[in-house]
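Please open the model in your viewer and keep the selection tool at hand. The stops below are meant to be followed in order.

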Amino acid sequence: MQNLSTNPAGPENEHIVENKELNLWEALIPVVLLMMMLAYNIFYADGEWFGEYSNQIILLLGGAISAIVGLFNKTTIKTMALEVLENLKSVLVPIMILFLVGALAGTWLVSGVIPAMVYYGLQVLNPSIFLPASVVIAAIISVATGSSWTTSATVGIALVGIGTALGIYPGMIAGAVISGAYFGDKMSPLSDTTNLAPAMAGTDLFTHIKYMTITTVPTILITLGIFTIISFNIETSGSADVSALLVTINDTFNINPYLFIVPGVVIALILFKTKPLIALGSGVALAGVFALFFQTEVLKTLSDSNVTAIFNSIFTDTAIVTENEKLNDLFSAGGMKGMIWTILLICCAMVFGGIMDGIGALARITKSLLSIASSVFGLFASTVMSCIGLNAIASDQYLAIVIPGKMFKKAFQDKGLAPENLSRTLEDSGTVTSVLIPWNTCGAYQSGVLGVGVAEYFVYAIFNWLSPFTTLFFAALHIKIRQLKTSKIAG
């Protein structure tokens, strides 16, 4: 894959400021207070302490606390500001990619690409293999949309209803849906967490996705195998009728196999090592052309001008209303506008991390971590536990990626490990375990939407709880643990 590093200077030139005046307990003050504010926001303010952008504001407050600690330990404001600037410069490419991801989601919707994936995906449903089929359907739709939440809230609800009518335990169905949805969420270039993890670790999007397949593919295959065995040992009754959904999709969109040319071209460009910005930009442009050819009726419902409708899908909210309410949430997208929340979170995290760099706190903390995690396996294990711990404490999967990503980045480099090791571990433990914690935003959302409690689906969300064990297994046996080049370690 094209080595498009998120750090223009390259990881070999990255540095973390040392500060002999700062001790470990002082370095931990901003982290502890940040965790306390996040916990208060979740448990006592329903995530709205400072409104919609509470997490971003809390990260900035954490940065302010870090700055105060730094001033007391002889760090100048200029030093902190320069580190913040370097951090913000390092995420310029990921931010541009995120904007394109939003545009891609919008144009793939109005062009019929996403509806076509849903349409053909639903048709693989069969009562005799309902659970593994549910995993596959959820995975296909989640890869197409980049959202586990949207997948669960639409097709997931339908699958739970259908499976329950067949006499299958709802916890099993919910576990299958969540397993497939989070597999797709991890592997889709449209996913915000899939863009966030490499941005934090210092690698590029497609290198990250390719490297994730090493642990993710075995995990999903084991998951499918277990659900297949379960399916052979349960009795079903009735029929899996998704005809109403299929009819609605077919009546709303012009569904045909030619629409798969769009994702096919993007995949081909990626395989030929085209830069992510060019590959994703081509996907947006091609989808716009296909919308003009195949979805003129859809475009007319969105605007008087077909071109205006396409531009709106790129930049702002798009909602295609159908006769089936279950599909309306799926057939909506936020365009570039929908990515602003995640982009602001990244920027605020870079401010917090930059000040922590500038005052020498990261150097102090990473040295302590390295003294505890003396082995490569210990470093992977520490990262996994930190991600899971933050999912429980901060109750937010984004922060479970952002904070460990920033804190462990230098530690992985010091061990001579390529940044994709860290980005993969962040997703294997931060992204997927969020849904297993009842008070985490993801756990609460999935439980509420699917109507199945976390305790009921926990055991059956096999992909989610198995992923951290898989990444630790590979680390323990040192399988496919990519090293930095010698020149980079020397740098």
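The tour passes from a helix to a helix pair, then to a loop and to the cysteines.

This is a predicted model, in which local features need pLDDT of at least 70 and side-chain atom pairs count only at pLDDT 80 or more, while totals for chains, interfaces and linings use all residues. Residues are numbered from 1 along each chain as its sequence is written, and side-chain values use heavy atoms, with hydrogens and water left out.

**Helix α2.** Select residues 54–72, which form helix α2; helices are DSSP runs of H or I with at least four residues, numbered from the N terminus. The 19 residues of α2 reach 27 Å from the first C-alpha to the last, close to the expected 27 Å, where the expected span is 1.5 Å times one less than the number of residues. Among the buried residues of α2 are Ile58, Leu59, Gly62, Gly63 and Ile65 (buried means under 20% relative accessible area, exposed over 50%, partly exposed in between, with a 1.4 Å probe and protein chains only). Next, display α1 (24–43), α3 (77–90), α17 (340–358) and α20 (397–414), which are included in what covers these buried residues. Just after α2, Lys74 adopts a positive phi of about 65°.

**Helices α6 and α10.** Now select residues 130–145 (α6) and 205–232 (α10), whose axes lie 7 Å apart at an angle of about 150°. Axes are lines fitted to C-alpha atoms, for helices over the stretch in contact, and angles run from 0 to 180 degrees between N-to-C directions. The two helices are therefore roughly antiparallel, a term for angles over 145 degrees. At the contact (heavy atoms within 4.5 Å), residues of α6 including Phe130 and Leu131 meet residues of α10 including Leu224 and Phe227. By class, this contact has nine nonpolar, two polar and no charged residues; Ala, Val, Leu, Ile, Met, Phe, Trp, Tyr, Cys and Pro count as nonpolar, Asp, Glu, Lys and Arg as charged, and the others, Gly among them, as polar.

**The loop between α24 and α25.** Move to His478, in the loop between α24 (462–476) and α25 (486–490). His478 has a positive phi near 55° and is partly exposed at 43% relative accessibility. In this loop, select Lys480 as well: its phi is positive, about 55°, and Lys480 is exposed at 56%.

**Cysteines.** Finally, select Cys387, which is buried at 0%; its sulfur is 13 Å from the closest cysteine sulfur, in Cys442. The count of disulfides is zero.

Key:
A disulfide is a pair of cysteine sulfur atoms within 2.5 Å. Angles under 35 degrees count as roughly parallel, over 145 as roughly antiparallel, 65 to 115 as roughly perpendicular and the rest as oblique.
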